[in-house]
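I opened the model today and kept notes as I went. The entries follow in the order of looking.

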Amino acid sequence: MNDAPAISVASEVDLEARVGDLADLLHACVHAGANINFVLPFSRDDAVAYWRGKVLPPVRAGTRIVWTAGTGDTIVGSVQLDIDTPPNQPHRAEVTKLLVHPDHRRRGIARALMTALHRHAAGLGRTLITLDTRTGDMAEPLYASLGYHTVGTIPDFCRDPVEDRLHPTTIMYKVL
């Protein structure tokens, strides 16, 4: 990739305007085997419903932040930070749905998205970031290279998006 994608925080207006593009991104990732809570069959309408029903409401409420990575008019990646924590955990946040379009992987997009997320989280006073990832997934070494530490694994945590089998998940954290 000659040009690095532009990374930006997506406003509520941006998300509403680009819900179709974000749905295309999610749909492509799930169909490429990404284990991000969805299983096949997974339609584009399912992807639109996710963005409209599960992402837009917390963005409107100010409890979720979404970053997008774009090249031209194309969204090639996104990541979310859930900051809806209990009163005794205002220092913590959770990473969710790191997505990079299958045609744009291995180009530093995930790393750039996570770097932007870390910088923003630190600015919000969030000093502990947590996440979970399917054990053995290609994202696991990325997170480790970004300074995340493994707490442990939970067996049979999630269903494979394509096959009828269960996978463990790895729980990780990073102190900012």
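Two notes on the source. This is a predicted model, in which local features need pLDDT of at least 70 and side-chain atom pairs count only at pLDDT 80 or more, while totals for chains, interfaces and linings use all residues. Residues are numbered from 1 along each chain as its sequence is written, and side-chain values use heavy atoms, with hydrogens and water left out.

I looked up where Tyr173 sits and found it in strand β7, residues 166-175. Helices (H or I, at least four residues) and strands (E, at least two) are DSSP runs, numbered from the N terminus.
Next I took Thr130, in strand β5. Thr130 counts as buried because its relative accessible area is 18%. Contact means heavy atoms within 4.5 Å. Neighbours within four places in sequence aside, Thr130 is in contact with Arg92, Ala93, Glu94, Val95, Met172 and Tyr173.

Entry: the cores.
A nonpolar core is a set of buried Ala, Val, Leu, Ile, Met, Phe, Trp, Tyr and Cys residues joined through side-chain atoms within 4.5 Å. Which members of the largest core touch the most other members? I found Leu81, Val95, Met114 and Tyr148, out of 26 residues. Elements giving two or more residues to this core include β3 (74-82), β4 (92-100) and α4 (109-123). The most comes from α4, with seven residues.
I then listed what Val95 touches beyond four places in sequence: Val79, Gln80, Leu81, Met114, Leu117, Ile129, Thr130, Leu131 and Tyr148. Another core lies apart, with 23 residues, among them Val19, Leu26, Cys29 and Phe38.

Entry: cysteines.
How many disulfides are there in the whole structure? The search finds zero, a disulfide being a pair of cysteine sulfur atoms within 2.5 Å. The sulfur of Cys29 is too far for a bond, because the closest cysteine sulfur, in Cys158, is 16 Å away. Cys29 counts as buried, at 1% relative accessibility. Cys158 also counts as buried, at 15%.

Entry: salt bridges.
I counted eight salt bridges, each a side-chain nitrogen of Lys or Arg within 4 Å of a carboxyl oxygen of Asp or Glu. Arg44 pairs with Asp24, with the closest N and O atoms 2.5 Å apart. This pair links distant parts of the chain, 20 residues apart: Arg44 is in helix α3 (residues 44-61) and Asp24 in helix α2 (residues 19-31). Asp21 and Arg18 form another, also with 2.5 Å between the closest N and O atoms.
Last, I checked Arg134, which bridges to Asp137 at 2.9 Å between the closest N and O atoms. Arg134 is buried, with a relative accessible area of 11%. Shared partners join Arg134, Asp137, Asp160, Glu163 and Arg165 into one network of salt bridges.

Terms used
Buried means under 20% relative accessible area, exposed over 50%, partly exposed in between (1.4 Å probe, protein chains only).
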